Amino acid sequence: MNTHDHITMSDIIAYLNNSDIAYNCVGQITTASKFASIKQIVQNGLYFYTGNVLPAEINHSIILVNESFHIVNTHNTYIKVAKPQLTFYQLMNRYFPKEVGSISKHALISNDTAIGENVGIGDFTKIGSAI
């Protein structure tokens, strides 16, 4: 796996192969600059898309799509998988693994909260009185 400054097709393909995820690739884009959302489009991103008509603004990117997605825009690379959203999140976890049992210094946790062992609490999480 490469550093976080880019996501390579070879890393993605290696992950898919090692995870026994069936896929089909169409396109020539070899890297993406970051994981991206269709709600905040960036060029050269890695996206997942589960709809039928991809927003035209997404170009020069790698996009995980359903196996039945009809490709019209050839300015992207498409990776057809059974579950694009799940695969996207699995790839995110590969690039940004979570530490088990860690509590972020940026989390806000009530003094009336009981937290079990090996619980991970991420940045900017707010927890009131709870167990």
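Which residues does Ile79 touch, not counting residues up to four places away in sequence? I looked: Met9, Ile12, Leu16, Tyr23, Asn24, Cys25, Ile62, Ile63, Leu64 and Val65, where contact means heavy atoms within 4.5 Å.

Ground rules I noted. This is a predicted model, so local features need pLDDT of at least 70 and side-chain atom pairs count only at pLDDT 80 or more, while totals for chains, interfaces and linings use all residues. Residues are numbered from 1 along each chain as its sequence is written, and side-chain values use heavy atoms, with hydrogens and water left out.

Cores next. I take a nonpolar core as a set of buried Ala, Val, Leu, Ile, Met, Phe, Trp, Tyr and Cys residues joined through side-chain atoms within 4.5 Å. Buried is under 20% relative accessible area, exposed is over 50%, and partly exposed is in between (1.4 Å probe, protein chains only). The largest one has 18 residues, and Ile12, Leu46, Ile62 and Ile79 have the most contacts inside it. Helix H1 (9-18), strand E6 (62-66), strand E7 (77-81) and helix H2 (84-95) each supply at least two of its residues; these are DSSP runs numbered from the N terminus (helices H or I, at least four residues; strands E, at least two). H1 gives the most, five residues. Apart from this core I found another of ten residues, including Ala36, Tyr47, Tyr49 and Phe69.

Then H1 itself. Its buried residues are Met9, Asp11, Ile12, Ile13, Tyr15 and Leu16. They pack against strands E1 (7-8), E2 (24-26) and E5 (45-49), plus E6, E7 and H2. After H1 comes Asp20, with a positive phi near 55°.
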